[in-house]
Amino acid sequence: MTEQTIALVPGTTATPREFGPLTRQMFVRYSGASGDLNPMHYDDTMARAAGNPSVFSQGMHQSALLATFATDWLGPANVRRFQVRFREQVWPDDVLTCSGRIDQVSEQEDGSRLVTVSLSCTRQTGAVAISGSADFLVPAPQAS
Amino acid sequence: MTTATPEASPVGAVGTPFEVHVERGKIREFAAAMQSDSAAYQGPDAIVPPTFLTTATTWAPPGSRVVVGFDRRRLLHGEQEYLYHGPLPRAGDTLVAQERVADRYTKPGKRGGEMSFAVVVTEFRTPAGDLVAEARATFIQTAPKGDPS
């Protein structure tokens, strides 16, 4: 598996991944999947009436994209903690770049490693939309 | 003009527990929305993606949730965290969810006034009572406009 080829040492960064340009259809898809039916994310008329230039992406939508990036990197089954902080709104046509860095690795008694990473999701402007962190419990490599 | 804000649940208040059925189709739909083609989120043995448990509250029965009590026009979702205490929940699992007000505090607003914070933790347990996962949401009520500092 790919995750076993990654050097699990502090300072290692993941290859960044872009998501976008984001579309209203993506926001709607997330609304349906999550159950968050706040019209600010799919109804331009209501979003403008509330003082926004248009609809905007759910913070949890961007969190889910960041989660895709992080679990592709260190393994979906390995995640033990995932945390995000919402910093800036995200709009249709935005292109997001997810990046990650290993901060800490601690060896467990059974040979597995608890890997703590910093995560970030930036807009094309360079501004951070979401920052976060996560812990992954990566199993010991199989003896070959 | 008065603003009808529901009475806030105090720290320590808990909601009524409610059942969450982890559905295979819902995981697949969520994975599509998060643009993941990972095999881990497909098929009968699908596991939940890290932020999936957010969907649980969509179907929380009326009255089962705690009351944050903030003015919706000044309400922000500031932070969200998920903790998994072991292997991830998977398709077919039934969990019992319960909300709790874990903390409330205030900070001075950047432009005067006072910002209020509320931390709501949702615990997800097996029917036998074992803690599987926790979701921690931090809600912020921004300082009112023109509020003197």
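Reply: Leaving out residues up to four places away in sequence, G20(A) touches D94(A) and V95(A). This is a predicted model, so please read every value below as computed from that prediction. G20(A) sits in the loop between β1 (17-19) and α1 (24-34) of chain A. With a relative accessible area of 38%, G20(A) is partly exposed. The C-alpha atoms of G20(A) and D93(A) are 7.0 Å apart in space, although 73 residues separate the two in sequence.

Setting aside residues up to four places away in sequence, S54(A) touches R24(A), D44(A), A47(A), R48(A), W91(A) and P92(A).

According to an unreviewed UniProt entry, the annotation "domain: MaoC-like" covers residues 12-105 of chain A. That span is 35% helix and 22% strand, and its end C-alpha atoms lie 11 Å apart.

The side chains of D103(A) and R101(A) meet in a salt bridge, at 3.1 Å from N to O. D103(A) is partly exposed, with a relative accessible area of 33%, and R101(A) is partly exposed too, at 41%.

Now let us step across to the partner chain. Here 28 residues of chain B are in contact with 28 residues of chain A. Between them the two chains bury about 2,500 Å², and 58% of this is on carbon and sulfur atoms. Side chains of opposite charge can pair when their charged atoms come close. Across the interface of chain B and chain A there are 2 salt bridges. A salt bridge joins E81(B) to R81(A), with the closest N and O atoms 3.0 Å apart. These two residues also belong to a network of salt bridges that links R81(A), D135(A) and E81(B).

Y30(A), F30(B) and F52(B) form one aromatic cluster. Over all chains, the whole structure holds 5 aromatic pairs. In one of them, the ring centres of F30(B) and F52(B) are 5.4 Å apart and the planes stand at 80 degrees, so this pair is edge-to-face. The pair links distant parts of chain B: F30(B) belongs to helix α1 (residues 24-33), while F52(B) lies in the loop between α1 and β2 (75-84), 22 residues apart.

V48(B) has a relative accessible area of 0% and is buried. If neighbours within four places in sequence are left aside, V48(B) is in contact with V22(B), I27(B), Y41(B), Y84(B), L88(B) and P89(B). V48(B) and K26(B) are 22 residues apart in sequence, with their C-alpha atoms 9.5 Å apart in space.

R65(B) forms a salt bridge with E99(B), and their closest N and O atoms are 2.9 Å apart. R65(B) lies in the loop between α1 and β2 of chain B and E99(B) in strand β3 (residues 94-108), so this pair ties together parts that are 34 residues apart in sequence.

Another salt bridge in chain B links D71(B) with R74(B), where the closest N and O atoms are 3.7 Å apart. D71(B) counts as buried, with a relative accessibility of 13%. Over all chains, the count of salt bridges comes to 14.

One more charged residue meets a ring. The charged end of K107(B) sits over the ring of F117(B), 5.0 Å from the ring's centre.

Definitions and conventions
Residues are numbered from 1 along each chain as its sequence is written. Chains are lettered from A and ligands numbered from 1 in the order in which they are written. This is a predicted model: local features need pLDDT of at least 70, side-chain atom pairs count only at pLDDT 80 or more; totals for chains, interfaces and linings use all residues. Side-chain values use heavy atoms; hydrogens and water are left out. Rings of Phe, Tyr and Trp (its six-membered ring) pair if their centres lie within 6.5 Å; planes under 30 degrees apart count as stacked, over 60 as edge-to-face and the rest as tilted. Helices (H or I, at least four residues) and strands (E, at least two) are DSSP runs, numbered from the N terminus. A charge sits over a ring if NZ of Lys or CZ of Arg is within 6 Å of the ring centre and within 35 degrees of the ring normal. UniProt positions are given in the numbering used here, feature names are shortened, and annotations may be inferred rather than shown by experiment. Contact means heavy atoms within 4.5 Å. Buried area is the accessible area (1.4 Å probe) that two parts lose on being put together, summed over both. A salt bridge is a side-chain nitrogen of Lys or Arg within 4 Å of a carboxyl oxygen of Asp or Glu. Buried means under 20% relative accessible area, exposed over 50%, partly exposed in between (1.4 Å probe, protein chains only).
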